[in-house]
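User: I would like to go through this structure label by label. Please set each value against its cut-off.

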Amino acid sequence: MNRQLRILATTDLHGLFYRGQQTPRPLFGSIAGVREYFSATQSIKTNSDILLLDAGDFMGGGLPAYLANNCPDLLSEPHLPARLAGEIGYSAMTPGNHDIDAGPEALARYASTLPCPLLAANIIGIPFLKPYTILTTPSGLTVAIVGLVTDTDTSLAAFSGARLISMEEGAQSAIQAIKHSPVRPDCIIALVHDGPDRCAHLVEAVGDFDLILCGHVHKASGISRAGRSLIVNPGPYALQIADIDITISSDRKNITAAVNPLPEISDSMPPCIAAYGDTVICHDALPLTNLLHRAILTATNADISIVEASDTILPEEITLADSFRFLPYDDHIITIRPDTKTLKSILNSTSSLSISATTPHIEPNRIIAMTHHLYTSLQIATPIHSYIDKPLRYFFHL
C-alpha cells in the first residue's frame with residue numbers, strides 16, 4: 001500500500017510580513033502569502049499528510065524582525081515572527097545566520113515562542129537548538145528532520161559556551177542518532193541554511209537524506225539531484241514555495257518536486273510595524289553613510305571605520321524601511337589589528353567600501369572597526385580583536 005507525504009518549504013523570509021515593506025517594487029512575497037498557500041493546500045481533500053518547513057533566516061535580517069528583536073515595547077511580548085510561524089502551522093525550522101546574528105536573547109525568545117522544534121545539528125552548546133526531530137504524521141508516517149546552519153559565515157561569539165562544527169560532522173552525528181533511535185523513519189529530510197552546491201558536497205560526505213531543502217544564497221535555483229537525494233531551493237523572500245510529493249511504499253520512495261509562485265496577498269502592516277515604518281530618518285544618502293561611520297567609531301574607539309558603501313538609496317526623503325536596504329543585516333561590530341598584507345587586501349578589495357579614519361594615515365596595526373558580515377565577506381584572516389555585543393542598529397540610538 002502506498003502512502004503519501006506532501007512537503008511545503010520556505011527559506012530566507014527575513015520577517016517579511018507584507019509585500020513591499022523593503023521596497024515599493026514587488027520584489028518580495030510575504031509570510032501572508034505562505035499562510036494563504038498552506039491553507040489552500042490543506043483545504044484540498046487528499047490522502048497526503050502535509051508538513052510545512054523552513055530552512056532558515058525566518059526572523060532575522062529584516063525590518064519587522066529587527067523591531068521584534070529589539071523594540072523595548074515588544075520585548076515582553078511573545079516573539080512576533082515566531083507567533084506567526086505557529087499560527088500558519090510550521091512543523092519544523094532551522095535558524096539561519098541572521099537569526100543567530102540577532103543575539104542570544106532574541107534567538108531564545110524566538111525559540112521559546114515557536115510551537116515547533118528549532119533544529120541545528122552543527123551548533124553545540126545552545127540547549128534550545130535540537131539536532132533533529134522525528135515527527136509522526138496523522139496517517140502514521142515517521143519523518144526525521146535534521147537542521148544544519150551554514151558553517152562559513154555564522155558567528156556564535158555572543159553565545160557563551162556555544163561552538164559551530166562543520167555541517168558534515170553535524171549531519172553524520174544526527175544520522176547516527178536517528179539510526180540508533182527506536183523509531184525507523186520512513187523518510188529523512190535535511191533543512192540546510194546553505195546553497196545547493198554546498199548541499200551536494202554534504203550528500204557526498206553523508207548520504208542518507210531523501211530530501212534536502214536549502215536556501216541562504218538568495219537565488220531560486222530550483223530542483224537538482226546529488227546521489228539519491230533531491231535538493232530543492234525555492235529562493236528567498238516568499239516569492240516561491242517548494243512543493244514536494246513523496247510516495248512511500250514497502251520497497252521504495254518516489255519523490256517529485258515543484259517550486260511554485262505564492263499568491264500576491266495585499267496584507268496590511270501589523271500596528272507595531274506601522275508605527276515605525278513611516279519615520280523619516282534622513283534626507284540624503286551621504287549623511288547616512290557618515291552617520292554609520294560616526295556610530296561605529298563612537299562605539300568602538302577605533303582609528304578607522306570601514307562600511308559597505310550603498311548606492312541603493314537616492315537623495316530624497318528616506319524612511320526607516322529604506323535603511324534596511326542600506327543596512328540589511330542585524331549585524332554586530334568587530335575590530336581588528338591588520339598586518340600589512342591584510343590591510344592591502346582590504347584596500348584592494350573589489351567590494352564598494354567607504355572608509356573613515358580618525359588619524360591622517362591608514363597604517364598596519366591601527367584598530368579597524370567593521371561589521372562582522374563585512375569581515376567574513378572580505379575573507380579576512382586577521383583574528384577578531386574585540387566584539388561589540390549589540391546589533392549595529394542599536395548604535396543609531398546613541
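Analyst: Start with burial: buried means under 20% relative accessible area, exposed over 50%, and partly exposed in between (1.4 Å probe, protein chains only). This is a predicted model, in which local features need pLDDT of at least 70 and side-chain atom pairs count only at pLDDT 80 or more, while totals for chains, interfaces and linings use all residues. Residues are numbered from 1 along each chain as its sequence is written, and side-chain values use heavy atoms, with hydrogens and water left out.

User: Why does Cys187 count as buried?

Analyst: Its relative accessibility is 1%. The limit is under 20%, so Cys187 is buried. Cys199 comes out at 0% and is therefore buried too.

User: How do you know that Cys199 is in no disulfide?

Analyst: A disulfide is a pair of cysteine sulfur atoms within 2.5 Å. A search of the whole structure finds 0 of them. For Cys199, the nearest cysteine sulfur belongs to Cys214, 4.2 Å away.

User: What makes up the protein in helices and strands?

Analyst: There are 12 helices and 20 strands. Both are DSSP runs numbered from the N terminus: helices are H or I with at least four residues, strands are E with at least two. Of the 398 residues, 55% count as buried.

User: Which residues of helix α3 are buried?

Analyst: Helix α3 covers residues 80–88. Its buried residues are Leu80, Pro81, Ala82, Leu84, Ala85 and Ile88. Just after α3, Gly89 has a positive phi of about 115 degrees.

User: What makes the phi of His216 worth a remark?

Analyst: Most residues other than glycine have a negative phi. His216 is not a glycine, yet its phi is positive, near 75 degrees. It sits in the loop between β9 (211–214) and β10 (222–226). With a relative accessibility of 16%, His216 is buried. Ala238 is also a non-glycine with a positive phi, about 60 degrees. Ala238 is in the loop between β11 (229–233) and β12 (240–248). Its relative accessibility is 2%, so Ala238 is buried.

User: Which residues make the contact of α6 and α7?

Analyst: Contact means heavy atoms within 4.5 Å. From α6 come Met167, Glu168, Ala171, Gln172 and Ile175. From α7 come Arg198, His201, Leu202, Ala205 and Val206.

User: How many of them are nonpolar, polar and charged?

Analyst: The contact has 6 nonpolar, 2 polar and 2 charged residues. Ala, Val, Leu, Ile, Met, Phe, Trp, Tyr, Cys and Pro count as nonpolar, Asp, Glu, Lys and Arg as charged, and the others, Gly among them, as polar.

User: What makes Arg225 exposed?

Analyst: Its relative accessible area is 53%. The cut-off is over 50%, so Arg225 is exposed. Arg225 lies in strand β10. Leaving aside neighbours within four places in sequence, Arg225 is in contact with Leu230 and Ile255.

User: Why does Asn260 count as partly exposed?

Analyst: Its relative accessibility is 22%. That falls between 20% and 50%, so Asn260 is partly exposed. Asn260 lies in strand β13 (residues 253–261). Not counting residues up to four places away in sequence, Asn260 touches Tyr37, Leu239, Gln240, Ile241 and Asp243.

User: Is Thr137 buried or exposed?

Analyst: Thr137 is buried, as its relative accessibility is 6%. The residue lies in the loop between β5 (132–136) and β6 (142–149). Thr137 and Leu5 are 132 residues apart in sequence, yet 8.7 Å apart in space, C-alpha to C-alpha. Beyond four places in sequence, Thr137 touches Leu5, Asp49 and Val143.

User: How many contacts in the protein join residues at least 24 apart?

Analyst: The share is 72%, among contacts between residues at least 6 apart in sequence.
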